[in-house]
Amino acid sequence: KRKNDKQRPHFDVHSDAIKAIWGIALLVLFFLSILSFAGMAGAGGRTFSQASGNFLGFGKFAIPLVLLVASFILFTSYKRNSYIPLLFGGFLFLSGLLGMFQILSPQGSRLGGYWGYLTALPVQNIFSKTAASFVLLGLIAAAVIVAFNIKIGQIVARRREKNEELANGAKSVGEKPEF
């Protein structure tokens, strides 16, 4: 059914256009974060750099990477609503990364910032430093799977098919041709 003009929204933008706008916004934030960390973004950039350093520690340098990857995902995603997995994956990725920075930092320092400290603290209270590192690496891997919507089963099946094709090709090379 077609809606009459009174029922149509006044601002009707396709969901792909909205994703592209968000992708552009994240790309602009990517460049602003780099300029901020380089001291080339004015007073706002200095404030952002200092605040992100306090909150994220050394992990503040992951911000441009996360923004760039999120922008890329929005530009290349065919899924209609990729926002929630992207946000959740980004949250998990930063949590795992900052927790790793905190675990690897010298005693008393906060390379992971407050976020890394709060992420690493419960994991380190339960496990050794080495085991906690594996837990946080698992969190980072899960974040990548969620953010990129990776289907591990499909990857394994494709790899198995390729191996079988290679094995069958090797068998046929070793056979004598018939004339």
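Q: Why does Ser 52 count as buried?
A: The relative accessibility of Ser 52 is 7%. Buried means under 20% relative accessible area, exposed over 50%, and partly exposed in between, with a 1.4 Å probe and protein chains only. The value of 7% therefore places Ser 52 among the buried residues. The model is predicted: local features need pLDDT of at least 70, side-chain atom pairs count only at pLDDT 80 or more, and totals for chains, interfaces and linings use all residues. Residues are numbered from 1 along each chain as its sequence is written, and side-chain values use heavy atoms, with hydrogens and water left out.

Q: Where does Ser 52 lie, and what does Ser 52 touch beyond residues up to four places away in sequence?
A: Ser 52 lies in helix α2, residues 42-56. Helices are DSSP runs of H or I with at least four residues, numbered from the N terminus. Ser 52 touches Phe 37, Gly 57, Lys 60 and Ile 63, when residues up to four places away in sequence are not counted. Contact means heavy atoms within 4.5 Å.

Q: Why is Gly 23 called buried?
A: Gly 23 has a relative accessible area of 0%, so Gly 23 is buried. This residue is found in helix α1. Apart from neighbours within four places in sequence, Gly 23 is in contact with Ser 71, Leu 74 and Phe 75.

Q: What makes α1 roughly antiparallel to α3?
A: Helix α1 (residues 15-37) and helix α3 (residues 63-76) pack at an angle of about 165°, with their axes 8 Å apart. Angles under 35 degrees count as roughly parallel, over 145 as roughly antiparallel, 65 to 115 as roughly perpendicular and the rest as oblique. The packing angle therefore makes α1 roughly antiparallel to α3. Axes are lines fitted to C-alpha atoms, for helices over the stretch in contact, and angles run from 0 to 180 degrees between N-to-C directions.

Q: How do the residues of the contact of α1 with α3 divide?
A: Residues of α1, including Trp 22, Leu 26 and Phe 30, meet residues of α3, including Leu 67, Leu 68 and Leu 74. The residues of this contact divide into 16 nonpolar, three polar and one charged. Ala, Val, Leu, Ile, Met, Phe, Trp, Tyr, Cys and Pro count as nonpolar, Asp, Glu, Lys and Arg as charged, and the others, Gly among them, as polar.

Q: How is the reach of α1 set against the expected value?
A: Helix α1 has 23 residues and reaches 33 Å from its first C-alpha to its last. The expected span is 1.5 Å times one less than the number of residues. The reach of α1 is close to the expected 33 Å.

Methods:
Helix = DSSP H or I, 4+ residues; strand = E, 2+ residues; numbered from the N terminus.
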